[in-house]
Amino acid sequence: MIDFLNSTSVAPEFVGADKAGDTIGLCIPNVDPLLLEKMHVKKKYSVIGIVSDRTGGGPQLFSMDEGIKSTNTECIDVEWTNDTKGGGGQGCMIVIGGYDPSDVREAIKVTFKNLHRYFGDVYGNDAGYVELQYTARAAGCLVEALGAEEGKAFGILNACPAAVGIVMADTALKTAGVKIISVATPSHNGSPSNEGTLTISGESGAVRQAIIAGRERGLELLGQMGDKPVNDYPSYIQ
Amino acid sequence: MIDFLNSTSVAPEFVGADKAGDTIGLCIPNVDPLLLEKMHVKKKYSVIGIVSDRTGGGPQLFSMDEGIKSTNTECIDVEWTNDTKGGGGQGCMIVIGGYDPSDVREAIKVTFKNLHRYFGDVYGNDAGYVELQYTARAAGCLVEALGAEEGKAFGILNACPAAVGIVMADTALKTAGVKIISVATPSHNGSPSNEGTLTISGESGAVRQAIIAGRERGLELLGQMGDKPVNDYPSYIQ
Amino acid sequence: MIDFLNSTSVAPEFVGADKAGDTIGLCIPNVDPLLLEKMHVKKKYSVIGIVSDRTGGGPQLFSMDEGIKSTNTECIDVEWTNDTKGGGGQGCMIVIGGYDPSDVREAIKVTFKNLHRYFGDVYGNDAGYVELQYTARAAGCLVEALGAEEGKAFGILNACPAAVGIVMADTALKTAGVKIISVATPSHNGSPSNEGTLTISGESGAVRQAIIAGRERGLELLGQMGDKPVNDYPSYIQ
């Protein structure tokens, strides 16, 4: 080990980190203009925040959506990655922009405050996982990342391996009258992850009902492949 | 844990599952039309079957090919995924369609009956793996997924890391007069997997001879990277 | 286990292998013309060498760059793969061509001689990793793979999760006057890896200074996500 490895200082950009999804939140108050030029952001703010993770996209996006709602910030890029430390899903990177570093830092802090909540309906076993997400009112982050309708109820049914997610989607759509925003499968997805995903919008009660029905079906199926799927945090979709 | 996690019922769509490749087989007897509309299937059957896995594509495709041969069903979509639970290869999702749920379920049952056989020539160690597949007569699933010629002998030589597969391909082509169907490398593949893959067609004896020669070469090379590669089930290509 | 698994011979194509990155080096002295036809090489040499790995791209590319410098060989293809045995990064496959098998084998031997050196500034913990690479004079392999400028100083700052790499890039660019060759993020990269990457060129002192500053920042941030990041081999960038 060499000396610089013994540095105990903390980089000024650091805002927070959480073992849940190996998530880190950073803020660059005055991003280098040459770097900003090369980044794929839809609007060039000089103050940017980044939430980046190894595992998960839904929990971070729904958490950041709360951060966007509660601050004067905007989601300017969301990128997906085949990662999850060997899992079948994706990691993601969310970039937000603002005019005031304190706004951007606050949005990231709100993200970490909500992170465990939105990991509450992620259930896994050795064979795969089932993820559900729900919000009564989608904001900028979910609009940018997932095509949610601003201010409308929005939900996700997602599972690995992919076929489990397709049956969950079928069950959800037969349960309640909701609008399909997207159906994603391995070859038709942000990255070739092993997921079947349905995103839905509509009346909040219907969206929640569809998600709850899909969740039960998905957990039954994943349970057939191994141990009973478990969640690391309490379920929030009731 | 909350109540719905204690559900012990089995979803009606469930047909079978196997730890080999973390493979699950499902049948949706009357798929939701809005979902079917969004799926990327080449023909819109209202009865669909899905075989989805975490690890492997060859074993599931060759097994489903037997299922297709023995029932009145059709392969309508095959999708690849970067997964294998951290391995260098791919998982896949196979969608079949039929007119009668009993046909679709039977095709999936035949798939699971054959699955261990077609895992018989998958050899691995900590550094990677070598996979061989062979059939004397390719049918709809291999035609759809891998461009095999209907009714002709068809084979696969595949390895991770990719370079091992390229040398296996070179050895196979120098051994017997076979027709190249495809050569796949990481950037020129269904997904950026770490595989070198040759698929071949031709006279059945020549195809088998080419595969056996490539297998010996691949196992020698992979063995140079770590322990002697082992297969979990008996080899079927003799 | 069946008999062919007990083969103890070594394939003639084998040149070397190393546990570092699970890297193997092979030489095909007279590649099958039908195979060569299907390969995506920029020039069709009949003598090809391949270095292929599970984990890492930078160390292998910088090592092979030394091999190219010291032999009459040419880099004719570089392909990236989502692999790293479950990590968030990429593996790669490097193909070189030559007129004389002894040249190609020598280039591969030089690659393995340098491999541990170029793994010296790869630092990891359970949450991710930080990688730095530097050369005072880039040659054919780095030009082909990463758009380096022939004969100029060239460096890489790379980290997983991606946000860490972006802050490292920002720090590096604010530290010294260097030229940006590329900025890569998950959706704008060779494969959807969970990496933020900056490649730079310029005056050698400036490039090294920028890399050292980015390294310190990256190690601080990654350290916030888990244990102190460690390198398996001694750092070479001083």
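**View 1. Strand 1 and strand 2 of chain A, side by side.** Four bridges tie strand 1 of chain A to strand 2 (residues 23-28) of chain A, and the two run antiparallel. Keep in mind that this is a predicted model.

**View 2. The whole sheet of chain A.** Zoom out and you get an open sheet of five strands in chain A, ordered 1-2-3-5-4 with antiparallel pairing. Strand 1 (14-18) and strand 4 (73-82) of chain A sit at the edges, each pairing on one side only. On average, neighbouring strands in this sheet are turned by 15° against each other, direction ignored. Helix 3 (residues 101-118) of chain A packs on the sheet and touches strand 1, strand 2, strand 3 (47-53), strand 4 and strand 5 (90-98) of chain A. The direction of helix 3 makes about 170° with that of strand 2 of chain A.

**View 3. Where chain C meets chain B.** Here 41 residues from chain C come up against 45 residues from chain B. Together the two chains bury about 3,500 Å², with 62% of that on carbon and sulfur atoms.

**View 4. Polar details between chain C and chain B.** The salt bridge count here is one: the side chains of Glu13(C) and Arg217(B) meet at 2.8 Å, N to O. As for polar contacts, 15 residue pairs turn up across this interface, both partners at pLDDT 80 or more.

How values were computed. Residues numbered from 1 in each chain as written. Chains lettered and ligands numbered in written order. Predicted model: local features only at pLDDT ≥ 70, side-chain atom pairs only at ≥ 80, totals over all residues. Heavy atoms only, no water. Contact = heavy atoms within 4.5 Å. Buried area = accessible area lost by both parts, 1.4 Å probe. Salt bridge = Lys/Arg side-chain N within 4 Å of Asp/Glu carboxyl O. Polar contact = N/O pair within 3.5 Å; in protein donor to acceptor, adjacent residues only side chain to side chain. Pairing = 2+ DSSP bridges. Axes fitted to C-alpha atoms, helices over the stretch in contact; angles between N-to-C directions.
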